[in-house]
Amino acid sequence: MGYVISPPPVVTLPVLGTDDTFPVRRIYCIGRNYAEHAIEMGHDPSKEPPFFFQKNPDNLLVEGQDFPFPPKSKDVHFEIELVVALKSGGANIPVDRALDHVFGYAIGLDMTRRDLQGEAKKLGRPWEIGKAFEHSAPCGPIHPVSKVGHPASGAIWLEVNGEMRQKGDVNQMIWKVPEMISYLSEYFVLAPGDLIMSGTPAGVGAVKAGDRLRGHVDGVGDLNVSVV
Ligand code: MN
């Protein structure tokens, strides 16, 4: 028995300090998880239940590749985010056990066709067209917990062409990493290889071809991506 077409390749991220790679199963993204970003998007940041959308594993862009400005949009935004990589999963994970499932952390960009997302919001339609397009998830190498622990506080920022555009602290997350894992696991069965993009601080903005993005999270290093 064979395949009738070639199976798609396994999508992987590099793991810092090893030649082995991390195979990616799903990408969950949490929305409006920093109060000031919720406000800049016109929402009340009081602690409502978190909400999620997904990107596709093959939307990942590994560091070293350029981000091609996508079609059908005139307003493509950067969103710098801490990415959580799971080594195990399950359903109904209690908050106090949630961090046991984390393999490591990376820096990611939740690139967004803001104009298309805005239309979708207005019409009550799903967000995929604004969020889950090709190369929409640039991501750096995974830093294993064994090396970096669990970054519960520390600067998260993004520079565009050397100018600071987004700046926050991961301790400003409304829903902390253990809470988002626990909450997600009530609705989905989490599994090894899942990534969670944990939301972005304030300051999101548009990119254009030629821009150089440099993201940073304390303890998780830098992510460099060029827009072409
Ligand atoms: Mn985001």
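The buried residues of helix H5 pack against strands E3 (27-31), E4 (51-55), E7, E8 and E14 (195-197). Contact here means heavy atoms within 4.5 Å. Helices (H or I, at least four residues) and strands (E, at least two) are DSSP runs, numbered from the N terminus. The model is predicted; local features need pLDDT of at least 70, and side-chain atom pairs count only at pLDDT 80 or more. Residues are numbered from 1 along each chain.

Eight of the eleven residues of H5 (177-187) are buried, so the helix is largely enclosed by the rest of the structure. Buried means under 20% relative accessible area, exposed over 50%, and partly exposed in between (1.4 Å probe, protein chains only). Among the buried residues are Val177, Met180 and Tyr183.

Tyr183 and Tyr187 both lie in H5, four residues apart. Tyr183 is buried at 19% relative accessibility, whereas Tyr187 is exposed at 57%. Phe52, Trp175, Tyr183 and Tyr187 form one aromatic cluster. Rings of Phe, Tyr and Trp (its six-membered ring) pair if their centres lie within 6.5 Å; planes under 30 degrees apart count as stacked, over 60 as edge-to-face and the rest as tilted.

A manganese ion is coordinated by Glu79 (OE), Glu81 (OE) and Asp110 (OD), at 2.0 to 2.1 Å. Donors are N, O and S atoms within 2.8 Å of the metal (3.2 Å for Na, K and Ca); water is not among the atoms, so sites may look incomplete. The donors follow the spacing E-x1-E-x28-D along the chain. Glu79 is buried, at 5% relative accessibility. Asp110 is also buried, at 1%.

How values were computed:
Heavy atoms only, no water.
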